[in-house]
Amino acid sequence: MSPGKIASQAGHAYVGAFLQCQKLNHQLLAEYLQDFPGTKVCLKTKNLDSLLRAQAEAETSGIPCSLITDSGCPDFFDGQPIVTALGLGPAKESEIKHITRRLKIL
């Protein structure tokens, strides 16, 4: 993906996870908004399986998350829907580190 496409997919993931947090944990959201903008990090996985593993671990841990599937942009993915990003959090570093520690900075 181009840098612009990566940025847009990361934006979708952030908003999706933020909205998921709004549904799941009003206290966490209030704390996050007090310290806004908070830390945001873009990480990469080796493959789709490791991305889906991160999603499953987040869901099991009660961490808000949002899996993003691009609807099939012909300029990037031959018109086929494809998973492009996973938004995690907001979460405290100590709560999310077990998921993010094996991922690399993008």
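## Burial and the setting of Glu 57

A residue is termed buried when its relative accessible area is under 20%, exposed when that area is over 50%, and partly exposed in between. The model discussed here is predicted. With a relative accessible area of 19%, Glu 57 is buried, because this value falls under the 20% limit.

Glu 57 belongs to helix α3, which spans residues 48–61. When residues up to four places away in sequence are left aside, Glu 57 touches His 98, Ile 99 and Arg 102. With Arg 102, the side chain of Glu 57 also makes a polar contact of 2.7 Å.

How many salt bridges does the structure hold? The count is 5, and among them are two that involve Glu 57: one with Arg 53 and one with Arg 102.

In the bridge between Glu 57 and Arg 102, the closest N and O atoms are 2.7 Å apart. This pair links distant parts of the chain, with Glu 57 in helix α3 and Arg 102 in the loop between α5 and β4, 45 residues apart. Arg 102 has a relative accessibility of 32% and therefore counts as partly exposed.

The bridge between the side chains of Glu 57 and Arg 53 has an N to O distance of 3.1 Å. Glu 57 and Arg 53 are 4 residues apart in helix α3, so about one helical turn separates them. Arg 53 counts as partly exposed because its relative accessibility is 46%.

Asp 70 is in strand β2 (residues 65–70) and Lys 5 in helix α1, so the bridge ties together parts of the chain that lie 65 residues apart in sequence.

Are the two partners buried or exposed? Asp 70 is buried, its relative accessible area being 8%. Lys 5 is buried as well, with a value of 11%.

## Arg 101 in the α5–β4 loop

Arg 101 lies in the loop between α5 (93–100) and β4 (104–105). At 61% relative accessibility, Arg 101 counts as exposed. Its C-alpha atom is separated by 9.9 Å from that of Leu 43, although Arg 101 and Leu 43 are 58 residues apart along the chain.

## Helix α2 and its buried face

Helix α2 covers residues 26–34, and its buried residues are Leu 28, Leu 29 and Tyr 32. Viewed down the axis of α2, these residues fall within an arc of 100°, so they line one face of the helix. The other side of α2 carries the exposed residues His 26, Gln 27 and Gln 34.

Against which helix do the buried residues of α2 pack? Their partner is α1 (3–24).

## Aromatic rings

The description of a pair of aromatic rings rests on the distance of the centres and the angle of the planes. In this structure the count comes to 2 aromatic pairs. Ring pairs link Tyr 14, Phe 18 and Tyr 32 into a cluster. Tyr 32 is also one of the buried residues of helix α2.

## Cysteines

A disulfide is a covalent bond between the sulfur atoms of two cysteines. The structure holds 0 disulfides. For Cys 42, which is in no disulfide, the nearest cysteine sulfur is that of Cys 65, 16 Å away. Cys 65 is likewise in no disulfide, and its nearest cysteine sulfur, belonging to Cys 21, is 11 Å away.

Cys 42 counts as partly exposed because its relative accessibility is 42%. Cys 65, by contrast, has a relative accessibility of 12% and therefore counts as buried.

Definitions and conventions
Residues numbered from 1 in each chain as written. Predicted model: local features only at pLDDT ≥ 70, side-chain atom pairs only at ≥ 80, totals over all residues. Heavy atoms only, no water. Helix = DSSP H or I, 4+ residues; strand = E, 2+ residues; numbered from the N terminus. Polar contact = N/O pair within 3.5 Å; in protein donor to acceptor, adjacent residues only side chain to side chain. Contact = heavy atoms within 4.5 Å. Phe/Tyr/Trp six-rings, centres within 6.5 Å; stacked < 30°, edge-to-face > 60°. Buried < 20%, exposed > 50% of the residue type's maximum accessible area, 1.4 Å probe, protein only. Arc of directions from axis to C-beta. Disulfide = S-S within 2.5 Å. Salt bridge = Lys/Arg side-chain N within 4 Å of Asp/Glu carboxyl O.
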